[in-house]
Amino acid sequence: MPKVLVTGGAGYVGSHTAHVLLRKGTEVVVVDDLSRGYRHNVDAARLHVRPLADTDFLVSLMQREQFDAVLHFAAYALVGESTEKPELYFRNNVAGTVSLLDAMSRVGLRRLVFSSTCAVYGEPLVVPISEDLPKAPLSPYGESKAIVETMLSWMDRGRGMRSVSLRYFNACGADPEAGLGEEHDPETHLIPLLLRATMTGQPITIFGDDYPTPDGTCVRDYIHVLDLAEAHIAALDWLMADKPSGFFNVGTGSGYSVREVLAAVEKIVGKPVPFRIGPRRAGDSPVLVANPAKIQETLGWKARYTRIEDIVSMAWEFERKHGKRRTAI
Ligand code: UFG
């Protein structure tokens, strides 16, 4: 069983992946500065609360623990915030990764799985999106991930560091049995906001219904966080087998519109979702749907949660069981 360092393991996707790895018997150590993640997502004995910028700390941790690979989730992920504070995103997502790569080089650690995003494509001209489309990010967030992908290709050439970049589409869902789910602060994502609207009665704003899509609202590829966790494990297995570096879309290949997701929430919760139609949100593409053929053919990974009702149902169970702790954070 490999031993892995998980950066950002107290965050949304990182905590779910760490949990699945532990269940499979992999040894996991988490580094997280808790600026966006939560202590309650990680077993205290495994958690080091430190910033990635602390290269010397990372070097000594890596020397002590002798990791086989790094799973690198630690990053800020709000598109809107990144356009207001680009320097924050370049410092945290890019400079933080430089520090991590520096530490890895110093100890000769040469396997990395990186959390990338479909935001590297910007507004794609062709949908579904294949990996051969050019990178053209529309936000500092997307750019920060594109820059790291480029850095990784140079680390491969210059240092023999093998990496897999996973370009997530819309991460969503929860693992309510593990007590894990979406707890962003502020929450900006569609599914938790729809669920909360049913509880508070406060209407959610749908950002535009005049897009060139069947019902006028944006279409996204919603990928369950447990499927993302399995994609990381497939990528880790790939690197442990000394296979070459690569980058892959991680999506289901199917899209749902905002109105379709709203209808799924109404069905699962059994209550209407109060909503109003607002203007378009800056930077939203009409349709973002993955072509997941490459990851399926190469890593043998395929999404298991393809019905939006199943995803919403798990997110709802988490919200009912654990939503209250949000007010206590
Ligand atoms: N939406 C609303 N109202 C809301 C929130 C969202 O109508 O209150 C709509 C958005 O306009 C979009 C869809 O719901 O059409 C999904 O929005 P999310 O904010 O949940 O997700 P995004 O598609 O904006 O973001 C995701 C990831 C980002 C990634 C981005 C790439 O969360 O990390 O895709 O475009 F960068």
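**Close-up views of a predicted model**

**View 1. Helix 2 meets helix 4.** T55, D56, L58, V59, M62 and Q63 of helix 2 touch S99, L100, D102, A103, M104, R106 and V107 of helix 4. Sorted by class, this contact holds seven nonpolar, three polar and three charged residues. The structure shown here and in the other views is a predicted model. Helix 2 covers residues 55-65, and helix 4 covers residues 86-107. Their axes come within 9 Å and cross at roughly 40°. That angle makes helix 2 oblique to helix 4. The crossing is right-handed.

**View 2. Helix 8 crosses helix 10.** Two packed helices are described by the angle between their axes and the distance between the axes. For helix 8 (residues 258-269) and helix 10 (residues 308-322), the axes come within 9 Å. The crossing angle is roughly 55°. Helix 8 and helix 10 are therefore oblique to each other. Their crossing is right-handed. On the helix 8 side, the contact uses V261, A264, V265, K267, I268 and V269. On the helix 10 side, it uses I308, E309, V312, S313 and W316. Eight of these residues are nonpolar, one is polar and two are charged.

**View 3. Helix 6 packs on helix 8.** Which angle do helix 6 and helix 8 make where they pack? It is about 45°, and the axes are 10 Å apart. That makes helix 6 oblique to helix 8. Helix 6 passes helix 8 in a right-handed crossing. Helix 6 brings L190, I191, L194, L195 and T198 to the contact. Helix 8 brings V258, V261, L262, V265 and V269. By class, the contact has nine nonpolar residues, one polar residue and no charged residues. Look for V261, V265 and V269 in this view: they belong to the helix 6 contact.

View 4. Domain 1 takes in residues 3-169 + 224-250. Domain 2 takes in residues 176-220 + 253-328. How far apart do the C-alpha centres of the two domains lie? The distance is 23 Å. At the interface, 32 residues of domain 1 are in contact with 29 residues of domain 2. Together the domains bury about 2800 Å² between them. Of that area, 66% is on carbon and sulfur atoms.

View 5. Most residues other than glycine have a negative phi, and most peptide bonds are trans. Here, the bond from V127 to P128 is cis, with omega near 0°. Find P128 in the loop between strand 5 (111-117) and helix 5 (140-159). The bond from D185 to P186 is also cis, again with omega near 0°. P186 lies in the loop between strand 7 (170-172) and helix 6 (190-200).

View 6. L34 is not a glycine, yet its phi is positive, near 60°. Where is L34 placed? It is in the loop between strand 2 (27-31) and strand 3 (47-48). D242 is not a glycine either, and its phi is positive at about 60°. D242 is in the loop between helix 7 (225-240) and strand 11 (246-250).

Note on methods:
Residues are numbered from 1 along each chain as its sequence is written. This is a predicted model: local features need pLDDT of at least 70, side-chain atom pairs count only at pLDDT 80 or more; totals for chains, interfaces and linings use all residues. Side-chain values use heavy atoms; hydrogens and water are left out. Axes are lines fitted to C-alpha atoms, for helices over the stretch in contact, and angles run from 0 to 180 degrees between N-to-C directions. Helices (H or I, at least four residues) and strands (E, at least two) are DSSP runs, numbered from the N terminus. Angles under 35 degrees count as roughly parallel, over 145 as roughly antiparallel, 65 to 115 as roughly perpendicular and the rest as oblique. A crossing is left-handed if the near helix is turned anticlockwise from the far one by less than a right angle, and right-handed if clockwise. Contact means heavy atoms within 4.5 Å. Ala, Val, Leu, Ile, Met, Phe, Trp, Tyr, Cys and Pro count as nonpolar, Asp, Glu, Lys and Arg as charged, and the others, Gly among them, as polar. Domain bounds come from an automatic or database domain assignment. Buried area is the accessible area (1.4 Å probe) that two parts lose on being put together, summed over both.
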